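Hello,

Here is the structure I promised to pass on to you. Please open it alongside this email, and I will walk you through what turned up.

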Amino acid sequence: MVREIVLSFQQNNFVDPGKWVGFENFRTVFADPAFAAAWLNTAAFSGLALVIGSAVPFVLAVVLNELKHAKAYLRFVVYLPVMLPPAVAVLLFKWFYDPGSGLFNQALDVVHLPPLSWLDSTSTALISLVIVSTWMNLGTGTLIYLAALQSIPGDLYESAELDGAGLLRRVWHVTIPQTKLILLVMLLLQVVATMQVFIEPYLLTGGGPENATVTVAYLMYQYAFNFGDFGGGSALGLMLMIVLLVFSAVYLRISREEAER
Amino acid sequence: MRTLVSPLALRTPRGRIVYWTVLTVTVICFTGAFVFPLYWMVTGALKSPDELAQIPPSFFPKSFDFHVYADAWEQLQLGVFLKNTALYAGGAWLFTLAVDVTAAYALSKLRPVLGKLVLGAMLATLMIPPMVLLLPTYLVAKDLPILHADLLNTPWAIWLPAAANGFFVFLLKRFFDSIPKELLEAAEIDGASPLRILWSIVLPVSRPIIGVVSILSVVTVWKDFVWPLLVLPETDKMSISVGIASLSAQMPQNVLIASLVIASLPTILVFFVFQRSIMAGLTAGSLKG
């Protein structure tokens, strides 16, 4: 395993037969107009997926934690999409997004809203990817938050209520501080996971329209396997790795703190 | 146990109304968001291409014609894909258990020199995102160091990387650590070798965690897309996810949807049967929980 890491450092200095080219690969990649788009899209995707993909499961978990009925059913159902193979989930949504007979435009029609072109327009394509990815990964976050919520001692809520704190203030002053660390850890994990997004653009849009959904991982794949340029691909991989290692390092620190508590 | 809302507030008439409203809304929304797409998929496959394109769509298919499923099975050679995937997942499972259990046992109980360092290195691999290791691992699989074997288009390309899973080693080690020392020492005094202790004492008491690791490893391999896409480019070697995706463009829509249903059945079934263990594994994977 350690070898692999070493390899990934060397690889970007080798073009296929193993020629030393220095920073040539980096220059090629930088000059690609898709390069900036890929980083911007990846950042935008992570940002959106972070906001939607963390807030939604947290809210769901808070609501679920209050319910006393149908708990097993709800927990089962929310985890269902996680068990689908991602390729299936993505292709399923491709059908839902279909501009003609797709489920989503039909639903918009029922409430008398104009249809959207989802994957085919530069303005909606990226958010469409975020929706798929949130849908299929939601369950994990919800269940982990739920477990964290259950460890909050009830008397904290009790005393907050005696102090006259309303519902939202109790969430803000008790629930969130008590789950702060797990929230942070999950946020970081999400950043690391979403920065590597590949399957959604690969299957749904092929990076288009007009590079609106090219991501770094997708570009890396294209370089290595469509253009046959492993050097360029590795250069991208290395850049991605450096960015992600920063997040991982922070994650490690926080989880250590958490373990010590 | 008391949560955000106090039980007193729930017992008032207003509290009851709010509670039941929230409950109903949640149940309806969850069903709509997470079950309905699956329902739509299963029934969508039963519709004829005309009915699929029809606006507005029909909620129930007009006829229950299971022929599409048979079509999908034949046209997409789903049988081959499923067999491949089962082979990959099964092999990966065996290798995962063989490698990770022995590794965790060695680290936990035999305490070799540098054991801490090895464990640290394994944990470090968890920190490195899989996507950036994609190219180096691919090159390793293409030309295995020392042996110079080309693993592409062979099951080994799936089995070997799947077996080297630092997370599973870590989970197993934590569980093994909790097995009382006295038990093992007693066996040692009776003259049992380390391997025998592993086989007849450690494994039987570790059944729950081994179950969790087994399910996770099979499901992970079954769901994986990117890696099999790279290392199994030959059509008749593809795993089911890759196979369906690569043939999706040429298929009539109802056949494609039918094949999606077939592809997701195994993991959904596994979830129905083992949901308890899967959820336990999930929270064991999180830090606290």
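To start with chain B: which domains does the domain assignment of chain B give? There are two entries to look for, domain 1 (7–64) and domain 2 (68–285). The contact between them draws on nine residues from domain 1 of chain B and nine residues from domain 2 of chain B. Before going further, please keep in mind that this is a predicted model.

**Where the two domains of chain B meet**

Together, domain 1 and domain 2 of chain B bury about 680 Å², and 77% of that area is on carbon and sulfur atoms. On the side of domain 1 that touches domain 2, the elements giving two or more residues are α2 (13–44) and α3 (49–53) of chain B. Of these, α2(B) gives the most, with three residues.

What about specific pairings across the interface? The rule finds zero salt bridges between domain 1 and domain 2 of chain B.

**The chains as a whole**

Chain B has 15 helices and zero strands. Of its 289 residues, 47% are buried. Taking the contacts in chain B with a separation of 6 or more, 70% are accounted for by residues 24 or more positions apart.

Chain A, for its part, contains 13 helices and two strands. Buried residues make up 57% of its 261 residues. Among the contacts in chain A between residues at least 6 apart in sequence, 70% join residues at least 24 apart.

**One residue to look at**

Finally, please find A:E66, which lies in helix α3 (residues 33–66) of chain A. Is A:E66 buried or exposed? Its relative accessibility is 13%, and the cut-off for buried is under 20%, so A:E66 counts as buried. And which residues is A:E66 in contact with, leaving aside its neighbours within four places in sequence? They are B:T3, B:L4, B:V5 and B:Y19, which belong to chain B.

Do write back with any questions once you have had a look around.

Best wishes

Methods:
Residues are numbered from 1 along each chain as its sequence is written. Chains are lettered from A and ligands numbered from 1 in the order in which they are written. This is a predicted model: local features need pLDDT of at least 70, side-chain atom pairs count only at pLDDT 80 or more; totals for chains, interfaces and linings use all residues. Side-chain values use heavy atoms; hydrogens and water are left out. Domain bounds come from an automatic or database domain assignment. Contact means heavy atoms within 4.5 Å. Buried area is the accessible area (1.4 Å probe) that two parts lose on being put together, summed over both. A salt bridge is a side-chain nitrogen of Lys or Arg within 4 Å of a carboxyl oxygen of Asp or Glu. Helices (H or I, at least four residues) and strands (E, at least two) are DSSP runs, numbered from the N terminus. Buried means under 20% relative accessible area, exposed over 50%, partly exposed in between (1.4 Å probe, protein chains only).
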